[in-house]
Amino acid sequence: QLQLVESGGGLVQPGGSLRLSCAASGFTLDYYAIGWFRQAPGKEREGVSCISSSGGSTEYADSVKGRFTISRDNAKIAVYLQMNSLKPEDTAVYYCALYTSVARNMCMLAPNPYNNWGQGTQVTVSS
């Protein structure tokens, strides 16, 4: 059974950092593009960042460029999202998701191709 489990969320002050982890259970990540999404109350789910199956290509939403970094460790079957300089507007539930990617060097920030989602982890940025 394919399962993704997020961890690392929590409460942090503005300007602080968090590192989210997305662990795979029951499979390896080699042939999947992985994305991080977030959803704040009353808002639509939005793409934050993604990484291609090769790990050689990444994408970021404009709102997080220069602050967030995505990485993957296929040996550890995990993907990470390092979030620095956090702002109150980053507050949301963060989800990781994946889809089988034929193109090894591209990924998509739109939710549409992703067909396996984790349960989410809450990130709250507040003083």
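A disulfide is taken here as a pair of cysteine sulfur atoms within 2.5 Å. The structure is a predicted model, in which local features need pLDDT of at least 70 and side-chain atom pairs count only at pLDDT 80 or more, whereas totals for chains, interfaces and linings use all residues. Residues are numbered from 1 along each chain as its sequence is written, and side-chain values use heavy atoms, with hydrogens and water left out.

By the sulfur criterion, the model contains 2 disulfides. In the pair formed by Cys22 and Cys96, the sulfur atoms are 2.0 Å apart. The torsion about this S-S bond, between Cys22 and Cys96, is about 65 degrees, so the disulfide is right-handed. Cys22 belongs to strand E3 and Cys96 to strand E9, and the pair thus links distant parts of the chain, 74 residues apart; strands (E, at least two residues) and helices (H or I, at least four) are DSSP runs, numbered from the N terminus.

Cys50 is buried at 0% relative accessibility, and Cys107 is buried at 7%. When the bonded cysteines of the protein chain are numbered in sequence order, the pairing reads 1-3, 2-4.

The interior was described through nonpolar cores, each being a set of buried Ala, Val, Leu, Ile, Met, Phe, Trp, Tyr and Cys residues joined through side-chain atoms within 4.5 Å. The largest core has 29 residues, and those with the most contacts inside it are Trp36, Phe68, Val79, Leu81, Met83 and Tyr94. Two or more residues are given to this core by each of the strands E3 (18-25), E4 (32-39), E5 (46-51), E7 (68-73), E8 (78-83), E9 (92-100) and E11 (121-125). Apart from this core lies another, of 7 residues, among them Ala33, Phe37, Cys50 and Cys107. With contact defined as heavy atoms within 4.5 Å, and with neighbours within four places in sequence left aside, Leu81 is in contact with Leu18, Arg19, Leu20, Trp36, Val48, Ser49, Phe68, Thr69, Ile70 and Tyr94.

Strand E8 has 5 of its 6 residues buried and is therefore largely enclosed by the rest of the structure. Strands are considered paired if DSSP finds at least two bridges between them. E8 runs antiparallel to E3, to which 6 bridges join it, and Cys22 stands opposite Val79 in E8. E7 and E8 are likewise antiparallel and joined by 6 bridges, with Thr69 having Gln82 of E8 as its bridge partner. The hairpin of E7 and E8 has 4 residues between the strands, and Ile77 takes a positive phi near 55 degrees there.

Thr121, in strand E11, is buried at 10% relative accessibility. A polar atom of the Thr121 side chain lies 3.2 Å from the backbone nitrogen of Gly9. Beyond four places in sequence, the contacts of Thr121 are with Glu6, Ser7, Gly8, Gly9, Leu20, Ala92, Val93 and Tyr94.

A salt bridge was assigned where a side-chain nitrogen of Lys or Arg lies within 4 Å of a carboxyl oxygen of Asp or Glu, and the search of the whole structure finds 4 of them. Glu46 and Arg38 meet at an N to O distance of 2.7 Å; Glu46 is partly exposed, with a relative accessible area of 34%, whereas Arg38 is buried at 5%. Arg38 also forms a salt bridge with Asp90 (2.9 Å, N to O). Since Arg38 lies in strand E4 and Asp90 in the loop between E8 and E9, the pair ties together parts that are 52 residues apart in sequence. Arg38 and Asp90 are both buried. Through shared partners, salt bridges join Arg38, Glu46, Arg67 and Asp90 into one network. A further salt bridge links Asp62 with Lys65, the closest N and O atoms being 3.2 Å apart, and Asp62 is exposed at 66% relative accessibility.

Key. Buried < 20%, exposed > 50% of the residue type's maximum accessible area, 1.4 Å probe, protein only. Polar contact = N/O pair within 3.5 Å; in protein donor to acceptor, adjacent residues only side chain to side chain.
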